[in-house]
Amino acid sequence: METNLLDAGEIVGTHGVRGELRVVPWADSPEFLLDFGTLYVDGAPCPVESARVHKTLVLVKLRGVDDLDAAQRLRGRRVQIDRAGFTPADGAVFIADLIGLPVLSGGAEIGRVADVLTMPGNDVYVVRGEHEYMIPAVREFVEEIDTAAGFVRVRLIPGMRTDEN
C-alpha cells in the first residue's frame with residue numbers, strides 16, 4: 001500500500017522566537033529527519049533551512065516560517081517525507097507499507113497487519129483476522145516480507161494468538 005508521502009513526525013511546539021519547530025520524529029532515531037532537504041506539512045513542500053537533534057526531538061527551521069506566530073500555527077501538524085528521497089536499509093520496510101498486508105502462516109491467510117507496536121527490543125506486528133495475533137518482528141517468526149507482492153509470511157507459536165489460554 002505504497003504512498004509517496006509518509007508520516008514522519010509531529011510538530012509539538014516551537015523553539016525560540018525565530019520560527020524553529022520542535023518535531024517528535026516517528027523513526028528509529030531522530031537523526032533520520034536530518035537527511036531531508038524538504039519536509040511536507042499537510043502535503044505542502046517546505047524546504048528545510050536547518051535541522052538539528054535536541055535530545056529526542058528535531059529542531060527544524062522551515063523556509064517561510066520566520067517568527068514565533070508562524071511557527072505556533074503549525075503546532076499539532078504532521079510532518080511527512082517523500083519516500084523517493086530515502087531508501088531503507090537492506091531488509092527494512094516502512095511501517096506504512098506493512099499496514100493492511102495479508103499475513104500468511106502455513107499456506108493460509110490468518111489476517112492482516114493492523115498495527116506495528118514499537119517496543120524497546122523489537123517491533124511487534126498486530127495481526128487481525130478471525131483471531132488477533134501479536135507477532136514479534138524478528139527473523140525467528142517473520143519469515144518473509146514482500147511488499148511488492150503484497151504479503152507477510154510468519155511462523156506462529158503457542159501464545160501469539162491473544163485469545164489463547
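View 1. Of the 21 residues in the largest nonpolar core, Ile11, Leu21, Val23, Leu33, Leu39, Leu62 and Ile81 touch the most other members. A nonpolar core here is a set of buried Ala, Val, Leu, Ile, Met, Phe, Trp, Tyr and Cys residues joined through side-chain atoms within 4.5 Å, and buried means under 20% relative accessible area, with a 1.4 Å probe and protein chains only. At least two residues of this core come from each of strand S1 (5-15), strand S2 (20-25), S3, S5, helix H1 (68-72) and strand S6 (78-82). Helices (H or I, at least four residues) and strands (E, at least two) are DSSP runs, numbered from the N terminus. Elsewhere, a second, separate core of 15 residues includes Val116, Tyr125, Val142 and Val152.

This is a predicted model, in which local features need pLDDT of at least 70 and side-chain atom pairs count only at pLDDT 80 or more, while totals for chains, interfaces and linings use all residues. Residues are numbered from 1 along each chain as its sequence is written, and side-chain values use heavy atoms, leaving out hydrogens and water.

**View 2. Leucine 33 and its contacts.** Setting aside residues up to four places away in sequence, leucine 33 touches Ala8, Val23, Pro25, Leu39, Val58 and Ile81. Contact means heavy atoms within 4.5 Å.

View 3. Start with strand S3 (residues 38-41), which runs antiparallel to strand S4 (residues 44-54) and is joined to S4 by four bridges; two strands pair if DSSP finds at least two bridges between them. Look for threonine 38, whose bridge partner in S4 is proline 47. Two residues separate S3 and S4 in this hairpin, and aspartate 42 in the turn has a positive phi of about 55°.

Now follow S4 onward: six bridges join S4 to the antiparallel strand S5 (residues 57-62). Serine 50 has lysine 61 in S5 as its bridge partner. This hairpin, too, has two residues between its strands, S4 and S5, and lysine 55 in the turn has a positive phi of about 60°.

**View 4. The one aromatic pair in the structure.** Rings of Phe, Tyr and Trp (its six-membered ring) pair if their centres lie within 6.5 Å; planes under 30 degrees apart count as stacked, over 60 as edge-to-face and the rest as tilted. Phenylalanine 32 counts as buried because its relative accessibility is 16%, and phenylalanine 36 is buried at a relative accessible area of 7%.

Key:
Buried means under 20% relative accessible area, exposed over 50%, partly exposed in between (1.4 Å probe, protein chains only).
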